[in-house]
Amino acid sequence: MSNVIQETAQKVMKKAVEMAPDGWMPGGEPDPLIGQRDGYIGKPVSRVDGPLKVKGQAPFAAEIVLENMVYAALVYSTVPKGRIATLDTSRAETAPGVVLVMTHENAPKMKPLPLFLTAPKAGGGDALPIFQDGSVHWNGQPVALVLAETQEQADHARSLIRVTYLTERATTSLEAAKARGIEDASFMGEPLKVEIGDAESLLAKAPVSIDAVYTTPAQNHNPIELHAATVAWNGDELTIHDASQAVAHTAWSLAQVFGIREEQVHVSSPFVGGGFGSKALWQHQVLAAAAAKLAGRPVRMMLSREGVYRVVGGRSLTEQRVAIGAGRDGRFQALVHTGISVMTDHNQMPEPFIMPAKCVYAADSIKLNVATAKMDTLANTFMRAPGEAVGTFALESAVDELADKLGMDPIELRLRNEPDKDPTEGTPFSSRHLAEAYRDGAERFGWGKRHARPGMRREGEWLVGLGCATATYPYYRMPGGAARIRLTKDGEAYVEAAAHEMGMGTATTHAMVAAQRLGLPLERVHFAYGDSAFPGVILAGGSQQTASIGFSVKAAWEALAKELLALAPKGSPLHGLGVDEVHARDGGLCKTDEPQRYVSYAMLLDDAGRDEIVVEAEAPPPLETQHWSMHSFGAIFCEARVNVVTGEPRVARLLGSFDCGRIINPKTATSQFRGGMIMGMGLALMEETEFDGRMGRIMNPSLAEYHVPVHLDVPEIDVMWTDIPDPHAPMGARGIGEIGITGTGAAIANAIYNACGRRVRDLPITLDKLL
Ligand code: MOS
């Protein structure tokens, strides 16, 4: 960007910030809920959907039973690129129970999935033709589908299908991909490139510096619930019971594929057994719907664990260079974070690992860039904290290495480089209390007992070390949020939004928030979600669902209050008041500065002869992120042990000290943070998708060979938070869904270094790298 453009942009931004007073948020004044301490927000409420799940009464997508339903199984290509030469389905067609064999030769005409982010409701993981032309684009692509009366019959029949291929040259190794050329990448419409000053020359002149390459492998998604869809057609209307973190996107996108109207697709997904970015729209839902159409019967498609590895994308590998030049006082003179991730020709998802470096440290000069190399594999996709999960590993390992060189405590080094405004955007932070998170965390963890020099503490066969790292994830809010409220004269409220519960606690936290906003007891508020018939385009992704629902319900509440006030007759204590003069309490409305001027909802409705009021409203556009730099932060602490005989690394203790605004439900939030940190343990020590470099086939498509932390691997994980509300976020709460996985990888790597003196820059840190 030329200086003139940059300066103009800064002036515009400055003006925008001046126009946004403190506490401002889109739609008006700060959220009144931010300051309320006597409601549900902040209370450890147990999951409202817990009893149903424990009793096995929460139906998941693969548990829905439809009359006359048949079961699907898929055949996957065994070559990375080319076309189908011959397809022998004759034995499968006559196998017991078989109802249909579908291939590109008999599949209905379908358009490709609209690729995620290419349109407001596009939800596809890739943009390839599905069963249209016999072309093969990755090793593992579905090439044939069997429907049978039972799952076992379908699985048996699929084994009888014989496919041969005309193969084409494919790019299946990183070296070959790099040789094909790399390109600069952009993420959500923004180029992944920042240059402020001349970082390379300042780096070369810096008194102390570190310049290293860190690598992270490809990773696959492993939610416990397998990806599944149970689908049925009724004429031109499609019903899909899906496992989804994007019901509105799924409905619109499937309508595009089949050339029908969005309203003709009904997506239901009330319970999801983990998503992490993977429970989106992949080929299996499309194939299930196509086969159901062709067979004229409902279809259940549940991918096998191997099927998830073949059909559902994961995280790209990365190669990241981090270079930091600092003065002897530790202040950063140059910060460089560049590198590559891998993508395919049929998707658009670089791993944006420079995101942390954009906002975490002040530096005199900054150079950040992500480039992509193209491979012929399954499309990669979002995986919990795409970018930050692996970006913090590289950045925060490098900061630790620099601290070691400077002979400075790594927390002290970080605090010396705390920025007073966003270092790359120039905007003020909406709320940033990372220093407090470090201070409080260090005290609780016993950081003072750490030896600065590695290898100083030994207990029997184990070397013991402490490490820490910064966690960070942006506050996002995507446009399109909306909600509906139906309030009955019995004082029951039904709140509906096309949102999702994947196990993170949404159903509970938003029942709490809505109850507090409406001034009703929790048991009178019924929060419904997970259905495309509900309002809004609300993605359970980007840690933004809470903000999206929060603003939507706030807007719907304001619409409701307006209608209720219009009902107040002359002589009513509420007559003539505006929405901004009242708030909810005790099942009714009162004037905010004269709370005794109160009327219950029941009386307002009854007097007006109304049984209920239904309102629907859209969230205001997400302008807050243009005015403020909004990010969740945290400090992760780890105690690691390394066995001197076997090299085995063990995480002995983990503490996450977070600064994510107000915490709505300490109980579900604790689980969210812990879950993220456990996933961070997997990233640090275990997870790695192994590709056969010759054929591009994933060699470890099972939980036996692709390792994730199990109960015995996971120590006591402590979490704490500042609980300082963000004045610009609804309820004062920034997102917490993804931040736990960030920083954890580096905290573990840094603790391992402190334990044994071995710096591992290539994940996962397995014992062979420590011997
Ligand atoms: Mo998350 S990777 O945005 O589900």
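How many of the 23 residues of helix 15 are buried? The count is 17 of 23, so helix 15 is mostly covered. Buried here means under 20% relative accessible area, with exposed over 50% and partly exposed in between (1.4 Å probe, protein chains only).

Keep in mind that this is a predicted model: local features need pLDDT of at least 70, side-chain atom pairs count only at pLDDT 80 or more, and totals for chains, interfaces and linings use all residues. Residues are numbered from 1 along each chain as its sequence is written, and side-chain values use heavy atoms, leaving out hydrogens and water.

Now the helices, which are DSSP runs (H or I, at least four residues) numbered from the N terminus. Helix 11 is largely enclosed by the rest of the structure, because 17 of its 19 residues are buried. The expected span is 1.5 Å times one less than the number of residues.

| Helix | Residues | End-to-end C-alpha distance | Expected span |
|---|---|---|---|
| Helix 11 | 388-406 | 26 Å | 27 Å |

A cavity is a set of points on a 1 Å grid over the protein atoms alone where a 1.4 Å probe fits but cannot get out; lining residues have an atom within 4 Å of a point. Points are joined across faces, edges and corners, and a volume is the space filled by probe spheres set on them. The largest cavity holds about 210 Å³, and Phe691 is among the lining residues nearest its centre.

Terms used. Helices (H or I, at least four residues) and strands (E, at least two) are DSSP runs, numbered from the N terminus. On a 1 Å grid over the protein atoms alone, a cavity is a set of points where a 1.4 Å probe fits but cannot get out, and a pocket is an open set with protein on both sides within 12 Å along at least five of seven lines; lining residues have an atom within 4 Å of a point.
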